[in-house]
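Student: Take me through this model, term by term. I want each label set against its cut-off.

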Amino acid sequence: MNIINYNKTCFLKSVSQISDINIEYGVEIAFIGYSNSGKSSAINSLTNQKKLARSSKTPGRTQLINFFEVVNNFRIVDLPGYGYAKCPISIKLKWEKLIDSYLKKRKPLKGLVFLMDIRNPLKFYDKHIINIALEKNIPILILLTKCDKLTSSQQKIQFQIVHKKLKFFLKEFHIQLFSSFKKIGIKKLQSQLNIWYKEYG
Ligand SMILES: Nc1nc2c(ncn2[C@@H]2O[C@H](COP(=O)(O)OP(=O)(O)O)[C@@H](O)[C@H]2O)c(=O)[nH]1
Ligand SMILES: [Mg+2]
């Protein structure tokens, strides 16, 4: 398989429930994390496009599951950000159910890119997601996002802390400092996606 060109990624469709997805073939890698953790920015950086996944200063705007096609048979998926404090509990529960059912039922799902703000990693719902990934044996790449907000020594300390905590939960995982603003960690993100696609595609 040739190296994948992520720049040609295009929008495929959005759904508000998983029964609306009518594609059952190929390989899917989902981007997951708290609302405002930097998912849309990471997808835009990965694909070298400014507005492919909408990035917003208002948390909680992405309320749908968004599918993008990288190449034929290979998709990336922007899951709704969880945990937006200001939204009504009924909407929160709906999102969480949507995310849970996607993770538990979706057959093409072969890997998770798990985004956490480096200043505030491993929050309550993150642990819930890690447990589902464990249960379903879904491989994980953790991105410690917005690392440009910390000095390089603070970055190293946070990296070690998160690494140590995750080793407690997970036998195998990948972890990377990441910044969409400073273009840090994008090569690692691309190479991990290449590996997953090659392995399952
Ligand atoms: N400092 C910094 N801010 C970022 C970075 N990536 C995203 N942001 C900001 O964080 C906010 C949320 O980003 P977004 O990509 O929309 O997050 P999403 O809700 O997870 O999709 C926006 O205001 C972005 O400008 C980054 O690498 N560094
Ligand atoms: Mg978003």
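**Labels and their cut-offs**

Tutor: Start with the face of H3 turned away from its buried side: it carries the exposed residues Phe 124 and Glu 135. This is a predicted model, where local features need pLDDT of at least 70, side-chain atom pairs count only at pLDDT 80 or more, and totals for chains, interfaces and linings use all residues. Residues are numbered from 1 along each chain as its sequence is written, chains are lettered from A and ligands numbered from 1 in the order in which they are written, and side-chain values use heavy atoms, with hydrogens and water left out.

Student: What makes a residue buried or exposed?

Tutor: Buried means under 20% relative accessible area, exposed over 50%, and partly exposed lies in between (1.4 Å probe, protein chains only).

Student: Why is Ile 29 called buried?

Tutor: Its relative accessible area is 0%. The cut-off is under 20%, so Ile 29 is buried. Ile 29 sits in strand S2 (residues 27-33). Strands (E, at least two residues) and helices (H or I, at least four) are DSSP runs, numbered from the N terminus.

Student: Which residues does Ile 29 contact beyond its neighbours within four places in sequence?

Tutor: Among them are Phe 74, Val 77, Leu 193 and Trp 196. Contact means heavy atoms within 4.5 Å. Ile 29 and Val 77 are 48 residues apart in sequence, yet 6.2 Å apart in space, C-alpha to C-alpha.

Student: How do you know that the span of H4 is close to the expected one?

Tutor: The expected span is 1.5 Å times one less than the number of residues. H4 (residues 152-169) has 18 residues, and 26 Å is expected. From first C-alpha to last, H4 reaches 26 Å.

Student: What puts the buried residues of H4 on the same side?

Tutor: Those residues are Gln 155, Gln 158, Val 162 and Leu 166. They cover an arc of only 70 degrees around the axis, so they lie on the same side of H4. The arc is that of the directions from the helix axis to the C-beta atoms. They pack against helix H3 (124-136), strand S6 (140-145) and strand S7 (174-177).

Student: Which residues come nearest to ligand 1?

Tutor: Of the 17 residues around ligand 1, Asn 36, Lys 39, Ser 41, Asp 148 and Ser 180 come nearest. Near means a heavy atom within 4 Å. A backbone N or O atom of Ser 180 lies 2.8 Å from an oxygen atom of ligand 1. A polar contact is a pair of N or O atoms within 3.5 Å.

Notes. A polar contact is a pair of N or O atoms within 3.5 Å; within protein, one must be able to donate a hydrogen and the other to accept it, and residues adjacent in sequence count only if both atoms are side-chain atoms.
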